[in-house]
Amino acid sequence: MRSQMFITFHRESNQIGPPLILNGADAHPDVTDAISWDALINTVAAVYHGFTGQWAGLKDDITKLYENALKEKNQMVNKNNQLELLEGGGIVGRNEQVDEARILFQAWSEDDLTSSFARVDPSDQIQDLGEKRYRKNDENWYEHGFSFPLKNLRAGEYIVSGASGDDGWFFDVGVSSQLNVVVKPRVPDTINRAVLGIFGRAA
């Protein structure tokens with residue numbers, strides 16, 4: 001059972017630069033980073049720390065999704081990471097100017113997949129690209145994608161969550177993934193020039 005967050009960046013619908021792959025997980029019954037059900041829920045709660053006002057309403061919904069996908073699995077692996085983007089279009093640490101980020105949660109296994117899901121919170125400005133289930137190279141795949149329109153997306157934190165489990169011959173394993181997408185406010189050029197002017201005069 002494996003999973004990842006597959007991220008591509010676009011300008012006017014054309015992909016810019018190579019894809020970015022985060023939260024790669026390879027879950028087998030003997031993995032050393034397996035976690036318990038309680039530890040998983042505690043981790044998810046920690047990831048959603050910024051939703052203190054909304055967490056009470058989200059908790060039951062999100063817990064139920066994870067429970068459907070992962071409860072009763074012999075082994076579970078959880079991955080967390082962070083992606084920093086710039087309001088208006090940009091990627092922290094990369095020079096490309098982009099207007100869209102597409103984030104795809106992927107999970108696949110040689111065994112049959114059981115329940116799988118992916119979601120974004122908050123989701124009001126995010127476009128849901130839909131989910132697919134298919135078979136490729138003797139493996140069963142689940143994918144669910146989302147489009148982040150950076151030109152219009154407000155600065156703030158957005159959490160992409162996904163999970164999937166399989167139905168193995170001897171062991172049932174599952175993977176879960178949380179990606180904290182931080183959209184940072186862009187400092188206007190006029191402020192940049194003013195700051196540079198102050199330091200220039202001080203020098």
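Tyr 158 is buried, with a relative accessible area of 3%. Here buried means under 20% relative accessible area, exposed means over 50%, and partly exposed lies in between, using a 1.4 Å probe and protein chains only. This is a predicted model, where local features need pLDDT of at least 70 and side-chain atom pairs count only at pLDDT 80 or more, while totals for chains, interfaces and linings use all residues. Residues are numbered from 1 along each chain as its sequence is written, and side-chain values use heavy atoms, with hydrogens and water left out.

## The whole chain

How many helices and strands does the protein chain have? There are three helices and 10 strands. These are DSSP runs numbered from the N terminus: helices are H or I with at least four residues, and strands are E with at least two. Read from the N terminus, the order is β-β-β-α-α-β-β-β-β-β-β-β-α.

The protein chain has 203 residues, and 43% of them count as buried. Of the contacts with a separation of 6 or more, 76% are between residues 24 or more positions apart; a contact means heavy atoms within 4.5 Å.

Strands β7 (residues 127-136) and β8 (residues 139-149) run antiparallel and are joined by nine bridges. Two strands pair if DSSP finds at least two bridges between them.

## Aromatic rings

The count of aromatic pairs comes to five. Rings of Phe, Tyr and Trp (its six-membered ring) pair if their centres lie within 6.5 Å; planes under 30 degrees apart count as stacked, over 60 as edge-to-face and the rest as tilted. Why is the pair of Phe 148 and Tyr 158 edge-to-face? Because the planes of these rings are at 90°, with the centres 6.1 Å apart. This pair links distant parts of the chain, with Phe 148 in strand β8 and Tyr 158 in strand β9 (residues 156-167), 10 residues apart. Phe 148 is buried too, with a relative accessible area of 0%.

Ring pairs also link Trp 108, Tyr 134 and Trp 141 into a cluster. Lys 136 lies over the face of Trp 141, at 4.2 Å from the ring centre. A charge sits over a ring if NZ of Lys or CZ of Arg is within 6 Å of the ring centre and within 35 degrees of the ring normal.

## Two nonpolar cores

The largest nonpolar core has 32 residues, and those with the most contacts inside it are Ile 103, Phe 148, Val 160, Leu 179 and Val 181. Such a core is a set of buried Ala, Val, Leu, Ile, Met, Phe, Trp, Tyr and Cys residues joined through side-chain atoms within 4.5 Å. Several strands supply at least two residues each, among them β1 (2-11), β8 and β10 (173-184). The largest share, five residues, comes from β10.

Leaving aside neighbours within four places in sequence, Val 181 is in contact with residues including Leu 83, Ile 103, Phe 148 and Tyr 158. A second, separate core of 17 residues includes Trp 37, Val 44, Val 47 and Ile 62.

## A buried loop residue

Ile 126 is found in the loop between β6 and β7. Is Ile 126 buried or exposed? Ile 126 is buried, with a relative accessible area of 11%. Not counting residues up to four places away in sequence, Ile 126 touches Phe 148 and Tyr 158, among others.
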